[in-house]
Amino acid sequence: MASSNSSSASDEVFRARRIPAIALILPLLLSVAAPIAMVTPVSAQDAESGLAPDDIWSDDYANQIFPWGPHGDVEKLQFREYYDYFTLKERMQTLAAYYPEFLQFHEGLLGGVNARGDEMSSTEYEGWYYNHPSPWMKITGNVQGGEYNDYNNDDGNYADRPDVMLVGNHHAREWMSFEVPMLFLETVAYYYGKAAIDNDGDGLVDEDGWDGIDNDGDCLSLDTSLQDYNGDGIACGPGDLGVDEDFSEQFITDMVNTREIYLIPMLNTDGVRYDMEEYCGPTAWENCYRSGWRKNLRDNTVTGVTPLPDTDEQVDPSCDGVDLNRNYQFEWGAPLGATGPLFPGMCYSSGPNNDVYNGPVNYEDNDGDGLVNEDHVDGKDDDADGQIDEDWMGGNSEPETKFIQDLTEMNDDDGDGASDFKSTLTWHSYSELVLWPWGHCTNCDNPDQEFLEYHGYKMGDMTEYAPMQSSDLYPTTGDFCDWHYGVHNSYCYTMEIGNAFHEYPEDIAHIAVRNLGVPFYMVEIADDPRYRAIVGIENTTSTQWLQEPSNVTVPSKGDIPISMCLDTTFPFTPDINRTHLMWRFVEPNRQQNDYGPTEWVNVAWSMSPFMEPGEQCVLLDGSNGTMLESHIPLPDTSVGKIQYKAKLGTVNGAFPFTYPDSDTANYYELSIPYRAPFGSGILALLMFAFIATMVWGGLGFTLRAMFDDEGGVIGLPDDQSHLIDEEDI
Amino acid sequence: MAEGGSDEFSGRLGLIFATIGAAIGTGNIWRFPRMVGANGGGSFLVPWLIFLFLWSVPLIIAEFALGKRSRTGTVGTFRIFAGKRFAWMGLWTAWISTAIGFYYAVVTGWCINYFQTAVRGGLGSEVDTVEVWNTFLQNPMEVVFFQAIAVAITMLAIWKGAKAIEKVNVGLMISLFILLFAALFLAFVMDLEDGTLDGFVYMFSIQPEYLAQPETWINGLSQSAWSCSAGMGMAITYSVYMRKDEDTTLNAATMCLANNSISIIAGLTVMMAVFAVVDDPLAAVSGGSSAITFLVLPEVFAQAPGGPVVQLAMVTMFFLALSFAALTSMISTVELCVRNFVDHGIERPQAVGFTSLAIFFFGLPSAATWILVDDATGVAFPQFLEVQDHIWGYGLMFSGLFIAYSIWKYGWNRYRVWQEENDISGFSLQDYLDNGVSSFRDDFINTGDNDWWIGKWWDYIMYLGFPLMFSVLILSYFADMLANVDNPWDPTNANGISIILLFWGITAGLFIGLNRFIIINRIVPTSGNPWPLALLSGNFTLEPRPLYRNVPEGAEAPIDTLPGGEDPFIVEAGEELPETFVDEYGETRPHTGSSIEAELA
C-alpha cells in the first residue's frame, strides 16, 4: 500500500532527526485528516478520471502534515492553531538553539548612538504597555561568524552578503502576518543543508518549486473535485495540494548561505497580546473575524498628543495606540482621506477611535538650527540648507518603528552609508494583494515603477494575489514600504494575506503555504532587485511572441485580428501610446515601373490598441501567457501587404519592447488577398457590352466607314460639305 | 542623292496594320492587365476609354497631319512646322523613341526566348518559373543572344522600306490576332471551369470608390498615352509613307480602337486565366511589373485545361503573340530613327545597319549589367534597364507636348498673318479662335481626304485639354516619386527624380546647343579635321543641312507657309539642291551638297 510506504518514509526522516515524532503526528493525522478522509472515498467513487491525494503523495503531504517538530505545541507547529507572543518567541528560541549554525535569536536592539545621533537604550525598543521588545531571527550561514554589530547586537554580518528584511505583524489583529513568517522560518530551519528531498513522496525530487504553477502536473492528475484544496475557486492554483510542493532544498541552503535574512515575525507584540488577550480573545475568528485591535498600545489618554506611557493604566480602546504602518517618517503625516491621521480618537467609550492615527507631531528642533519641522522626510532639501530631511514633522515615535528604523540604519556591513536592505517585505492582512510603493501619492510613478511592478507581478503569480501599486488600493502615508523605498531605495512589498484578520485555524496552514514562496523570492532578489527585474523582463520578453504572418487567419471580411502572447508577469501598460500594434497597409504603387521589382507605396504607420480578450496562450517556453489581441481595420477590397509590429510599453515607458525582435526583422509582413466580392455578373456583362460596343463596335464602325466609299464623310457639318465636295472635284 | 524616289505603303490597310503594329506592344499584354487589376477592374476601363478619345486619338490625328504634310521624319517635321530653331524637338522625339528602343530590343529578346523555351516544353507545370527567369536573366550571353535576334529580325523587316514593313506587319498582326483569340478562348474555358468567371466579372465590374481616386484617372490617362504610342513620333514617321490622298483622321481612330481592342482581348485572357488558377489573383496581377508575364502566366497557362498539349499550345501561343507584339513595336521604333537618317540624305541600308547596330550596342548594358535580385521575392531584375525606362519613359510626354507646341505655333502664326492681311492690330480672342486656333485643323486635317471630319472639339483638346493632361501626368509622376521614393533628390538614386532631370537636362541641353551645328546646319571643317574636332577647335564653317522630303508623285504638299518652309535646302527627294546658300553673314557661298551630288552623278 502506498500509505504504509510513505508513512515509513516519513518515519525515516523523523528518526533521522532523533525525534519520536510518530506518536505526536499520528493522532494529529487522524484528527486533521478526518474531513479529507471522509471526502476522499466519496470522490473516489465517481473519480474514474482522476486520482485521490494518497494515490499520488505520501500520507503526510496528502494531509498537509509538515515534517518538523516536535518541541512546542503540535497544533501550532502544524499551523492548525495560532501562535501567541510567548509561544512564538519560544519556538524561535527553540529553533535557534537547534540550528545555531544559521539561526540567531534576538529581541529588540542593544542600543547606543543611532544613525541620527540619538543615544538609545535597549528599553526604548520595548512596547509601551507589555514591554516586550520585538523578537527577531538573524538567518544566515555561519551566523556566529562574520562581524558583530554592537548596536543591533547580532553576529553574522558579512559585507558581501545582501541583506533582506522580512517583517510580520505591524497590525495586531492580522494574525496570519506572523504565521506566514513562522512557516518561512520552519521551512528554512528544517530544509537548510539537507540533500534533495522528495517533499511530497511522489518519487520525484525538487520537481515543483515556488511559482504558483503545478509544474509536475500532479495536482492536475487529481480528481477535479479535489483540485481546489484551499477552496479559492482556482483549480490547482497556489495553496492547493500538489502546487509548489517540492521545492529545492539546495535553493534554500544557497539562499541562507549567501544572504543575511532579518526575520521579524511579530513586530507589534503589544498589539498582538492586547488583541489576543483582551480585545478579541484567543478565539478571535469567532467574534472578530474581520475586526480587532490594529494599533500598538501608546497611551494617548493624557493629553491626546504626547502622553507618557503609563503601564498601570488600562488600555483605552477608544483612543490609545498608533498605527505603526503610518508612523514611518517618509512623507509622514500628510493628511489623506477622511480618517484624520493626526488625531488619535475621542477617548470616550463609544467615541470614534482613529485606527490610522500616525503618532504625535514632533515639535523638536531636530537639527538644532532654531527652526522646527523645516525639512520633513521626503528625500528633498526642503529648506535648501544643504541637508536633507534633517528636521522632521513626526514619525518614528513608537518603539516598534524606531526598532525598524535603527535596525535598518545601523546595519551597514559594507560601510557605504546606505541601507543594506535592498529588498524588504512586510506581511499584512487581508485582501489577497501584492502592493508596492508609492503609497503616499496617487497616479504617481516612481523611478523603479516597472521593476517594482515586475517583481510584484511575479509574486502575484506565485500567490494568485492581485498585484498593484499601493496607492491604487488607497493612499497611505508613513508606511513601511514608502519609507524603505523612499529613504533607502529598497524594493519593498506589502503582502495582504487572506480574506480576514482572524482566519479560521484550519485555514492557517494552506494560506501560509500559499504565501511561502514570496519571502523566498524576496530573499532571492535581495542581491540586486533592479537588475533582476531588468534581466527578468528581458527573459520574459524573449518568450513572448507576436503572431507570425503564417499563423494569422485573415477573415473573409472585416478587421484582421493579430494576437500577442504576453508573460503574465510582464508589466505592460494598456496605454495605447505605449502598448499598441503598429501597422501599415502597403499596396503596390499604382504607377509601377514596368521592369523592376514591385514598388510599394510608402505609408505611415498606424496604431491599434491591444485588448485582452481574457484568453490564454502558450509562450515560447511552453508556459501559459496572457493573450492580447489587436484589430487592423482594412477594407475588404484592399490587396497588398500588411506590415505589422508590436510595441510594448511597460508602466513608465522605459522599455519600448518591439516585436518581432528588431535584430531579425523590423516587422512582419502579411499578404492580404482581395476579400470583397468581385462584382455582379449581370452588371459586368452590361459593362462588357458597353466597352465592347465602344471599342470593338467602334473599330468595326471605322473599318466599315473606311471601305464604304458611298458613305461620305463622318461628322461633316452641312455648312462645310460644299467645301469638301469642291475639293473632291 | 539619297533616294531615287518616294516610298509609300501599298494601300490603306498596309498603313493601318503598320500603325497598329507600332501601337500594339508588350504594354497591351502585360501593362494593361496590371492596370486593370490595380485600379479596380471595370473602374479603370472608364478613364481608359475616355482618355482614348481625349488624348490618344487627337494626338495621333495631329501626328498624321504633321507627317503627311512635312513628309519627313520627326526632325524634319519639327524643322518645318516649328521652325529651324526648334528642329531639336524632332531630335528629342527621335531620341526618346530610340532610347526606349535600346532596351526594348532586350525585352523583345526576352519574349522570343520565352517563346522558344515554351516550344521546347521548358515552361511546363513542373518548372519553377522564378528559377527559369533568374537563370535566364543572370546569363548575359543568352540575353544578348536573343536581343541580337530581335534586332536582326527588325533590321530585316525594315531593310526594304515601307512595303516590307507593311508586309511584315500584316503577317505579324494577323497572327497576333489569331493567337490572342485562341488564347482568349482557352482562358475563357479556364475561368468558366471553376464556375464563376470571376476574372471576367472583376474586369468589368465598376467599383465606385476607385472612380473617386485620382490615381485611377491618372493611370487611365497614362495607359492611353503609352499604349497607342501617341506623341512618340511613330505616326509622323509612318505618315511619311502615306499615299497622297490618304485619310488621317479615321485611320487614327481605327488604329487606337484596334489597339484598345487588343488590350481588352489580352487583358481578358490574362485576367481570366489568372483568376481561374491563382489563389490571390489580384495580388498576382497588380503586384509585379514584368513579373506577371514571365512568372505568373507560365504557371497559370501550365494549368490550362485539356492536358499537356493544350497547355503547351497556350503558353506557346501567348509568348509568340507577345513576341510579335514586341517586334512590330520594335520595327516602328527603328524605322522612326532610320527615317530621320534617310531624310538627311543617308542611304537606307546604311541607316538601317547603323541604327540596328546602335540599338544593339546601346542595349547591351540593359541586357547584361546590373542584374540584381529583389530581396523580398528573390526574383532577378535588370536594374540598368529599369533605370533606362524610368528616365526615358516619361520623356515621351514631352514629345507629345512638342507636337502640341508646333500646332499652337502654327495657329498663332496664322492669326498674325490674318491680322496683317486684314490690317487689324490688337488681340481679339474671337478673331484668334476663328482665324488662328482652328487653322491647323482647317489646313491640315480637314483637307478633304478624310473619311471623318474633325470639329472644334479637337482644337479644345489640343489647346486646353492637352496642356492640362500633360501637367497632371508629369506632376503626378513626380509627386509619386516624392512620396514613395527614398531620397528622390539624390542623383545617384536610380529611382529618383534627380537622375531623370539630369538626363533630360543633359539631353535637351545638348540638342538645343547643337541644334545650329548639327541639326539644321552641318559643319564643314576648314582644317581637314573630322567634324567633332573641328567643332571643338572652331576651324569650321556652317552650311545648311539638306532635308529630303518623301513626297509621293502627284501629291501636293506645299510647306511654304510653314515656319521652316522657306528653307531652300528642304527639298523633295529627287530634287536637286540649290548650289549656293547665304550664310549668317549674308555672304553667298557654294553648298558642298550639290557638288558632292554632282560628283556622284
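In this predicted model, T424 of chain A stands opposite C492 of chain A, the latter in strand β12(A). Strand β9 (residues 421-429) of chain A pairs with strand β12 (residues 491-497) of chain A in the parallel sense, over seven bridges.

Both strands belong to an open sheet of eight strands in chain A, with mixed pairing and the order β1-β4-β8-β7-β9-β12-β10-β11. At the edges are β1 (103-107) and β11 (466-469) of chain A, each of which pairs on one side only. From one strand to the next the twist averages 20°. Helix α7 (residues 176-191) of chain A packs on the sheet. Its direction makes about 130° with that of β9(A), and among the strands it touches are β4 (135-139), β7 (163-167) and β8 (260-264) of chain A.

Chain B has a helix pair to consider. Helix α5 (residues 87-119) and helix α7 (residues 140-159) of chain B pack with their axes 7 Å apart, at an angle of about 100°. Angles of 65 to 115 degrees count as roughly perpendicular, and α5(B) and α7(B) are therefore roughly perpendicular to each other. Residues in this contact include W110(B) and I112(B) of α5(B), and F146(B) and I149(B) of α7(B).

The two chains also meet: 55 residues of chain B are in contact with 45 residues of chain A. On the side of chain B that touches chain A, helix α13 (residues 249-277) of chain B gives the most, with eight residues.

| Contact | Nonpolar | Polar | Charged |
|---|---|---|---|
| α5(B) with α7(B) | nine residues | four residues | one residue |

Terms used. Residues are numbered from 1 along each chain as its sequence is written. Chains are lettered from A and ligands numbered from 1 in the order in which they are written. This is a predicted model: local features need pLDDT of at least 70, side-chain atom pairs count only at pLDDT 80 or more; totals for chains, interfaces and linings use all residues. Two residues are in contact if their C-beta atoms, placed from the backbone, lie within 7 Å. Helices (H or I, at least four residues) and strands (E, at least two) are DSSP runs, numbered from the N terminus. Two strands pair if DSSP finds at least two bridges between them. Axes are lines fitted to C-alpha atoms, for helices over the stretch in contact, and angles run from 0 to 180 degrees between N-to-C directions. Angles under 35 degrees count as roughly parallel, over 145 as roughly antiparallel, 65 to 115 as roughly perpendicular and the rest as oblique. Ala, Val, Leu, Ile, Met, Phe, Trp, Tyr, Cys and Pro count as nonpolar, Asp, Glu, Lys and Arg as charged, and the others, Gly among them, as polar.
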